[in-house]
Amino acid sequence: MDICNAEIFGPVSSIIRFSSADQAIQLANDSNYGLASYIYTRDLRTISKVSRALEYGMVGVNETAISNHVTPFGGVKESGVGREGSKYGIDEYLEMKYVCIGGLS
């Protein structure tokens with residue numbers, strides 16, 4: 001389906017049957033985009049496994065309203081680089097430098 005291979009911004013949800021968490025992860029990650037994904041489960045092991053394996057910048061677990069002004073907003077793949085909002089929003093504008101100084105004599 002086209003909806004499975006496009007980044008849709010709107011009140012749309014696709015439903016695809018799967019037989020295992022591994023298959024669901026594979027289906028979800030088979031995309032060029034990775035802004036947000038959502039899972040629904042009460043099992044903590046499934047939450048841990050699936051949320052780590054999903055290639056998305058944001059993952060909602062049993063929740064659809066995952067964006068607000070204090071959370072880092074952003075995706076991966078062709079959905080963008082970096083994060084907006086929160087303390088992480090400034091990271092794209094900074095360059096980190098490490099300086100190690102040995103003993104001064």
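Four elements, α1, β1 (33-34), β2 (36-39) and α2, each supply at least two residues of the lining of the largest pocket. Keep in mind that this is a predicted model.

**Stop 1: the pocket**

Colour those four elements first. Which of them gives the most to the lining of the largest pocket? Helix α1 does, with five residues. The space in this pocket comes to about 1500 Å³. There are 38 lining residues, and S14, A36, S37, Y38 and Y56 are the closest to the pocket's centre. Select those five and centre the view on them. Then colour the lining by class. It has 24 nonpolar residues, eleven polar ones and three charged ones.

**Stop 2: Y56 and the core**

Stay on Y56. This residue is among the closest to the pocket centre, and Y56 also belongs to the largest nonpolar core. In soluble globular proteins, nonpolar side chains tend to be buried together.

Now show the contacts of Y56, leaving out residues up to four places away in sequence. Y56 touches A28, N29, S31, Y33, G34, L35, A36, S37 and V76.

**Stop 3: the salt bridges**

How many salt bridges does the model have? The count is two. Side chains of opposite charge can pair when their charged atoms come close.

Select K49 and D22. Their side chains form a salt bridge, 2.8 Å from N to O. The pair links distant parts of the chain, 27 residues apart: K49 sits in helix α2 (residues 44-53) and D22 in helix α1 (residues 21-29). Are these two buried or partly exposed? K49 is partly exposed, at 40% relative accessibility. D22 is partly exposed too, with 48%.

The separation is 26 Å, for residues 45 apart along the chain.

Next, select K77 and E55. Here the salt bridge spans 3.0 Å, N to O. K77 lies in strand β4 (residues 76-77) and E55 in the loop between α2 and β3 (58-61), so this bridge ties together parts 22 residues apart in sequence. K77 is partly exposed, with a relative accessible area of 33%. E55 is partly exposed as well, at 40%.

**Stop 4: positive phi**

Hold the selection on K77 and switch to backbone torsions. Most residues other than glycine have a negative phi, and most peptide bonds are trans. What is the phi of K77? The angle is near 60 degrees, a positive value in a residue other than glycine.

Move on to N62, in the loop between β3 and β4. N62 is not a glycine, yet its phi is positive, at about 55 degrees. N62 is partly exposed, with a relative accessible area of 40%.

**Stop 5: N32**

Finish at N32. Where does N32 lie? Look in the loop between α1 and β1. Leaving aside neighbours within four places in sequence, which residues are in contact with N32? They are K77 and E78. That leads back to K77, the partner of E55 in a salt bridge.

Last, draw a C-alpha to C-alpha distance from N32 to S51. These residues are 19 apart in sequence and 18 Å apart in space.

Definitions and conventions. Residues numbered from 1 in each chain as written. Predicted model: local features only at pLDDT ≥ 70, side-chain atom pairs only at ≥ 80, totals over all residues. Heavy atoms only, no water. Core = buried A, V, L, I, M, F, W, Y, C linked by side-chain atoms within 4.5 Å. Buried < 20%, exposed > 50% of the residue type's maximum accessible area, 1.4 Å probe, protein only. Contact = heavy atoms within 4.5 Å. Salt bridge = Lys/Arg side-chain N within 4 Å of Asp/Glu carboxyl O. 1 Å grid on protein atoms, 1.4 Å probe; cavity = no way out; pocket = protein on both sides within 12 Å on 5 of 7 lines; lining within 4 Å. Points joined across faces, edges and corners; volume = space filled by probe spheres on them. Nonpolar A, V, L, I, M, F, W, Y, C, P; charged D, E, K, R; others polar.
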